[in-house]
Amino acid sequence: MKNCLILVVLISFFSCKKESNTSTEKFKVLNYLEKIMEKEGIPGLQVTVIKNNKIILSENLGIANVPFSVAVKENTIFSINSIAKVFASTAILQLEERNKLVLSDSISKHISNLPNKWRSITIRQLLSHTSGLPDIEDPYKDELIGGKGQDSAWVAVQKMPLQFKSGEEFNYNATNYLLIQKIIEKHGNVPFEEFVKTNQFDVAGMKQTIYGNSFDVKENKSPTYCYYYKDKTTGEYIKGTNLIEVNEEFPSNLRADAGVFTTANEMAKWIISLQSGKLLQKASIDKMWTPVKLNNGKYGDFTGILNTYALGWPVIKREKHLGVSPFGGGRASFTIYPKDNLSIILFTNLSGIPTYEMVDQISKFYF
C-alpha cells in the first residue's frame, strides 16, 4: 500500500513538473513573438510546435486581413511560396521507392526533346539547384523571361546558355523544379497537383491545403503584406512605412517550385506523417535531407544559418541541433530538428522577414 502511494505521488509530481515546463515554454514563445511582431510590424501569424510527433503548442496571433480587422484563426491559410519544393522533393523520392526513377538518372532518360547541353544533368542536380540551368524567371522584372507567359518562357529558356557546368556551383532557380514537375507528371500519370494531393495531402489529412495564386478568392485565405516597394528609377526594393498588399502569380508549370497555401496545423500533419513513415521510408528521408556537395567537395548555400542545401531542403548544418529548414517568400518557415524530435512551424502574412531565424530562436526555448 505504501509503495503504491509513493508511486502515485511520483507520477503526480512529474506530471505537474511537465505541465509547468510546457507552460513556461509557451510563455517564452508568445512573449518573443509578440515583441518581434511589434518590431517588424507583422500583422498576423501562426506558430505550431511538434515534439515527439505530437503537437504541444498551437497559437494564432494578430490580424489576418488588415483592412477588415479579421483575426488570425486556426483555419486561416497563408501563402508559403518556396516551401512547396518539399512536396515536389518528397514526390520524387516516392517515385524512386516505386522504382520509377533513380536520383542519379540523367534527365534525358525521363524527358525528351531537351537541348543537348541539358541532357546529362541528373535529377539530383535539379533538386539541389546544382544543374547550371538558366533561370526561367527574370530577376529584374519579377516575371517569367520574355513577359509573354509560361509557354513562351519555356521556349526561350531552352535557347539560353548554361550558367555553369553541372555540379560546379549552387544557383537557386525555378527551371530546376519545372523539370522536376515534368518528371513527376510523366511517372505519376496525373497532373502534378493531383499527384501531390493523392500521395501526400490526403494521406496526411490536409483538407485545407491548396495550390493557387495570391489573387485567388479562397475561404479563410489571408492576404500577404509587405513594407517594400520597387523604385521605378533604379529597380531596387526599398523599405517604406506603408503596408502594401502583395500580388503574386504562380504559373501552373511551376507549381513544384511555389504556389501552396496552407495552415501551420495542416503543415504539422504533413510533418508528422513524414516522420512516422506514412509518406516515405526512413532511408529516403535521410537521402532527401543529406546536403549535396559540389564537384569541389564544398557545399552550396544561402546565407546565415542556412549553410547547406539538400534535395529541396535548406539545411542548418552544425554539430548540435542540426535542422532542415524550408522557407518561402520571406514570410513562412518550418524547421525539423531530427535528433531533437522537435519541429517548429511559423507562418506569417508579412513578406521580407527572416522567419527561419525566428524559428531557430524559438527552438532554443525547447532545447
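Q: Helices (H or I, at least four residues) and strands (E, at least two) are DSSP runs, numbered from the N terminus. Which helix holds both Lys-269 and Glu-266?
A: This is a predicted model, so local features need pLDDT of at least 70, side-chain atom pairs need 80 or more, and totals for chains, interfaces and linings use all residues. Numbering runs from 1 along each chain as its sequence is written, and side-chain values use heavy atoms, without hydrogens or water. Lys-269 and Glu-266 are three residues apart, about one helical turn. Their helix spans residues 264–275 and is H7.

Q: What is the N to O distance between the side chains of Lys-269 and Glu-266?
A: The two side chains form a salt bridge (a Lys or Arg side-chain nitrogen within 4 Å of an Asp or Glu carboxyl oxygen). The N to O distance is 3.8 Å.

Q: How many residues apart in the chain are Asp-142 and Lys-230?
A: Asp-142 and Lys-230 form a salt bridge at 3.8 Å, N to O. Asp-142 sits in the loop between strand E5 (137–138) and E6, while Lys-230 belongs to strand E8 (residues 225–230). Lys-230 is partly exposed at 31% relative accessibility. The sequence gap between Asp-142 and Lys-230 is 88 residues.

Q: Which residue meets Glu-248 in a salt bridge?
A: Glu-248 lies in the loop between E9 and E10. Its partner lies in the loop between strand E14 (327–328) and strand E15 (332–337), so the bridge ties together parts 83 residues apart in sequence. At 3.2 Å, N to O, the partner of Glu-248 is Arg-331.

Q: How many salt bridges does a search of the whole structure find?
A: One of the pairs is Glu-248 with Arg-331. Another is Asp-142 with Lys-230. The number found in the whole structure is eleven.

Q: Which helix and strand do the buried residues of H4 pack against?
A: H4 covers residues 150–157, and its buried residues include Ala-153, Trp-154 and Val-157. They span an arc of only 105° around the axis, so they share one side of H4. The arc is taken from the directions from the helix axis to the C-beta atoms. The packing partners are helix H5 (175–188) and strand E6 (143–144).

Q: In the open sheet of three strands, which strands stand at the edges?
A: The strand order is E4-E10-E7, with antiparallel pairing (at least two DSSP bridges between two strands). Two bridges join E7 to E10 (residues 260–262). Each edge strand has a single partner, so one of its sides has no neighbour in the sheet. The edges are E4 (78–79) and E7 (210–211).

Q: Which residue in E10 is the bridge partner of Tyr-211?
A: The strands E7 and E10 run antiparallel. Within E10, the partner of Tyr-211 is Val-260.

Q: What is the relative accessible area of Thr-308?
A: Thr-308 lies in strand E11 (residues 308–309). Beyond neighbours within four places in sequence, its contacts (heavy atoms within 4.5 Å) include Pro-291, Tyr-299, Asp-301 and Lys-317. Thr-308 is buried, and its relative accessible area is 2%.

Q: How far apart are the C-alpha atoms of Pro-115 and Ser-89?
A: Pro-115 is in the loop between helix H2 (85–97) and helix H3 (123–127). Pro-115 is buried, with a relative accessible area of 18%. Pro-115 and Ser-89 are 26 residues apart along the chain, and their C-alpha separation is 24 Å.

Conventions. Buried means under 20% relative accessible area, exposed over 50%, partly exposed in between (1.4 Å probe, protein chains only).
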